Amino acid sequence: MLEPPATVLPLSVRSLDISHDGRKLLELDSFYIEAGELCCIVGPNGAGKSLLLKAMAGLQASEGQILWAGKQPSREGYHKLGMLLQAPVLLRRSVSANIHFALKVQTQLNARQRKQAVDDALDLANMQHLRHASARVLSGGERQRLALVRALACKPELLLLDEPASSMDPASTAWLEKTLLDAHQRGLSIVLVTHDLHQARRLATRVVLMHRGAIIEDREKNQFFDHPISTEARAFVGGELLF
């Protein structure tokens, strides 16, 4: 039996094909994520961004190959991945219990360490006053803040995010971006799906443009925005709609 990978990075995608009812939704020859990246995936609705994110996390059936550190995904490797969906999945428990449960399942922390980690996460989210509240009564932005600090508390090596700011107001979005940048500076690798090109400019080290189930352009951030190569990328950066 193969030993589980010491890391999920680099994460590579090869010959990825996702179809439904005879319609091809995603077709990629190759894609990769290296350690230390903050990669923003942009593109219009239906481009395949969320499908790619779910495939990388092992949550989407597909043809092709997903490799974590050169090996097949393993149960142990899932503890090294954090993921936030556009609609966060929270337990029907209190705010603090949501964090505590994730820590108990995904880490080796003892009870005292888990308690401290919960407190630290609530401080980071500015949600200490909501620690005993049910997660079900939170606003959309509060749910995303809770989901993010819960994921970060488990100290993943790679964090995958699908439009996390979609239900956030400007103040919460600013908090989200600062939190992601701080985590990235501490060594967390991040893949962020976003429709917001301004957000990609502020956060990314690398930008990937997807359109009609394919990767159109994949470049370092400044090159992507200052010198786009493809017709689609030039149009997208210029504010035009892609159909």
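Visitor: Which residues of helix 3 meet helix 4?
Guide: This is a predicted model. On the helix 4 side, the contact uses Arg114, Ala117, Val118, Ala121 and Leu122. Their partners in helix 3 are Val95, Ser96, Ile99, His100, Leu103 and Lys104.

Visitor: How do the residues of that contact divide into nonpolar, polar and charged?
Guide: The contact of helix 3 with helix 4 has charged residues, 2 in number, and polar ones, also 2. The nonpolar residues number 7.

Visitor: At what angle do helix 3 and helix 4 pack, and what is that orientation called?
Guide: Helix 3 spans residues 95-106 and helix 4 spans residues 111-125. Their axes lie 9 Å apart, and the packing angle is about 130°. Angles over 145 degrees would count as roughly antiparallel, and 65 to 115 as roughly perpendicular. The pair is therefore oblique.

Visitor: Is the crossing of helix 3 and helix 4 left-handed or right-handed?
Guide: The handedness describes how helix 3 passes helix 4. Here the crossing is right-handed.

Visitor: What is the strand order in the open sheet of 3 strands?
Guide: The pairing in this sheet is antiparallel. Strand 2 (23-33) and strand 4 (63-68) each have a single partner strand, so they stand at the edges. Neighbouring strands are turned by 15° against each other on average, direction ignored. The order is 2-1-4.

Visitor: Which residue of strand 4 does Val13 stand opposite?
Guide: Strand 1 covers residues 11-20 and runs antiparallel to strand 4. The two are joined by 5 bridges. Opposite Val13 stands Ile66.

Visitor: Is Trp68 buried or exposed?
Guide: Trp68 has its place in strand 4. Buried means under 20% relative accessible area. Trp68 has a relative accessibility of 0%, so Trp68 counts as buried.

Visitor: How far apart in space are Trp68 and Arg186?
Guide: In sequence, 118 residues separate Trp68 and Arg186. From C-alpha to C-alpha, the distance is 21 Å.

Visitor: What is the strand order in the open sheet of 6 strands?
Guide: The pairing in this sheet is mixed. Strand 5 (81-84) and strand 9 (214-220) are the edge strands, each pairing on one side only. The twist averages 15° from one strand to the next. The order is 5-6-7-3-8-9.

Visitor: Which residue of strand 6 is the bridge partner of Gly82?
Guide: Strand 5 and strand 6 run parallel. They are joined by 4 bridges. The partner of Gly82 is Leu159.

Visitor: Which residue of strand 7 is the bridge partner of Asp162?
Guide: Strand 6 (residues 158-162) pairs with strand 7 (residues 189-193) in the parallel sense, over 5 bridges. Within this pairing, Leu158 stands opposite Ser189. For Asp162, the partner is Val193.

Visitor: Why is strand 6 largely enclosed by the rest of the structure?
Guide: Side chains alternate between the two faces of a sheet in a regular strand. From strand 6, Leu159 and Leu161 point one way, and Leu158, Leu160 and Asp162 the other way. Both sets are buried. Strand 6 is largely enclosed because the buried residues number 5 of the 5.

Note on methods: Residues numbered from 1 in each chain as written. Predicted model: local features only at pLDDT ≥ 70, side-chain atom pairs only at ≥ 80, totals over all residues. Heavy atoms only, no water. Pairing = 2+ DSSP bridges. Axes fitted to C-alpha atoms, helices over the stretch in contact; angles between N-to-C directions. Parallel < 35°, antiparallel > 145°, perpendicular 65-115°, else oblique. Left-handed = near helix turned anticlockwise from the far one by under 90°. Contact = heavy atoms within 4.5 Å. Nonpolar A, V, L, I, M, F, W, Y, C, P; charged D, E, K, R; others polar. Buried < 20%, exposed > 50% of the residue type's maximum accessible area, 1.4 Å probe, protein only.
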